[in-house]
Protein chains: 2
Amino acid sequence: MPKGNKKAIVLLSGGLDSATTLAIAADGGFLCYALTFAYGQRHLREIESARKVAKAAKVRQHRIIDIDLAAFGGSALTDKKIPVPKDRPENKMAKSIPITYVPARNTIFLSYALAWGELLGAYNIFIGANAVDYSGYPDCRPAFMAAFERLANLAAAAAVEGKGRFKIHTPIINMTKSQIIKTGTKLGVDYSLTHSCYDPDKSGRACGRCDSCILRLKGFADAGLIDPIGYVKK
Amino acid sequence: MPKGNKKAIVLLSGGLDSATTLAIAADGGFLCYALTFAYGQRHLREIESARKVAKAAKVRQHRIIDIDLAAFGGSALTDKKIPVPKDRPENKMAKSIPITYVPARNTIFLSYALAWGELLGAYNIFIGANAVDYSGYPDCRPAFMAAFERLANLAAAAAVEGKGRFKIHTPIINMTKSQIIKTGTKLGVDYSLTHSCYDPDKSGRACGRCDSCILRLKGFADAGLIDPIGYVKK
């Protein structure tokens, strides 16, 4: 990736994947503008993490946008009436699209990134989607990302007027969780600032039992590293 | 279009184009769910019109979603520091992308429609985009709409699981403003409920001088009809 004066929008959830993606973008010489969404998720604790990660990475700006995905309901991540699945074996996760799927989430997130990118003249958009150690979300696949990049360059005045072409960067899309953790560790990511759990307790501690916790813990174990965050005692 | 029990999401701004699009969808036998956005636009008056139009059309549900496009700034429609252009001759409007352009607006709107559509099982999305009598917005072109439809069917769990394929309907995209008005008039649209002006006065009356008013007035004149809304006296 080019060293130099290139601006990038980096979608930052506060989780492990997006923190690593931000480190990769910064290491590539991009001037990073972090974008976080408060979307009625149960795990608001993530947003606190996003603030800390953005600050540690010394991003140029960090915007937190309120969006009301809970208005539509239908996901365990936004609808308190739907329980978060627990203790699922890893080989069961990828078999079907889980109830933690939030319809059109990445489409909406990338659309906002496109809006801000056009206004900033930031034509590089980084998203920490992962198609390997993930739970079968269709909008994390490379084909989806390619289709969004195509759409962006038809939608944006900047692209139509030849000022710049949008590129969607997915640097960790084909990495395993342990590869992501090793990469981030080399780049100095402080994973104690990150948060992954879908269902933390009132003090913000990770449950250790949802799909996201299970994948995270396995990733650290496979990487031969210790996860620095605290978990609820079982 | 099929008569029967098909659900559709209809993007409804409160303007003339989307009111006509809703009438076309309803006439086609679709069960209509109207979706309106409050996006920090100057012309909040539009949302009041959207409510009236939705009610008159007896839609199944009408959702108004707050989205903060003004957070990014940069458009005369969301940023009060940028003046709305006035008195531009119609042949000047299409020459460049105007300052009333809101970056990624239709991408964001369609993304929310996709989210709601997936939850409702409503795979038909109607949008009143128009590529003829319009002011050069790139995200109103047929190529953009085709790219979004492709994206939707990669993004949505419903499409991936074979429950339904999304279709983006743009029934007025190639109509002139007078054709739109004639079509809506035949279908019984009450244009007195609609609002088009980018810069109404405090009582909500249209200015008669912005691009949107000029195109509307010309459309009624070309159709041989009288625009039923009031304008500020010049």
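Visitor: Which residue of E2(B) is the bridge partner of B:Ile9?
Guide: In E2(B), B:Ile9 is bridged to B:Tyr33. This is a predicted model, in which local features need pLDDT of at least 70, side-chain atom pairs count only at pLDDT 80 or more, and totals for chains, interfaces and linings use all residues. Residues are numbered from 1 along each chain as its sequence is written, while chains are lettered from A and ligands numbered from 1 in the order in which they are written.

Visitor: How do you know that strand E1 of chain B pairs with E2(B)?
Guide: Strand E1 (residues 6–11) of chain B is joined to E2(B) by 6 bridges. Pairing takes at least two DSSP bridges, so the two strands pair. They run parallel.

Visitor: What makes the buried residues of H7(A) line one face?
Guide: Helix H7 of chain A (residues 177–186; a DSSP run of H or I, at least four residues) has A:Lys177, A:Ile180, A:Ile181 and A:Gly184 buried. Seen down the axis, these residues fall within an arc of 95°, so they line one face of the helix. Their cover includes helix H1 (16–27) and helix H8 (211–223) of chain A. After H7(A) comes A:Gly188, with a positive phi near 85°.

Visitor: How do you know that the span of H8(A) agrees with 1.5 Å a residue?
Guide: The expected span is 1.5 Å times one less than the number of residues. For the 13 residues of H8(A) that gives 18 Å, and the end C-alpha atoms are 18 Å apart, so the two agree. Buried residues of H8(A) include A:Asp211, A:Cys213 and A:Gly219. A:Gly224 follows H8(A), and its phi is positive, near 70°.

Visitor: Which residues have the most contacts inside the largest nonpolar core?
Guide: They are A:Val10 and B:Val10, in a core of 122 residues. Leaving aside neighbours within four places in sequence, A:Val10 is in contact (C-beta atoms within 7 Å) with residues including A:Leu22, A:Tyr33 and A:Phe126.

Visitor: How many residues does the contact take from chain A and from chain B?
Guide: It takes 37 residues from chain A and 37 residues from chain B. On the side of chain A that touches chain B, H4(A) gives the most, with 9 residues.

Key. A residue is buried if 20 or more other C-beta atoms lie within 10 Å of its own, exposed if 12 or fewer, and partly exposed in between; C-beta atoms are placed from the backbone. The arc is that of the directions from the helix axis to the C-beta atoms. Two residues are in contact if their C-beta atoms, placed from the backbone, lie within 7 Å. A nonpolar core is a set of buried Ala, Val, Leu, Ile, Met, Phe, Trp, Tyr and Cys residues joined through C-beta atoms within 7 Å.
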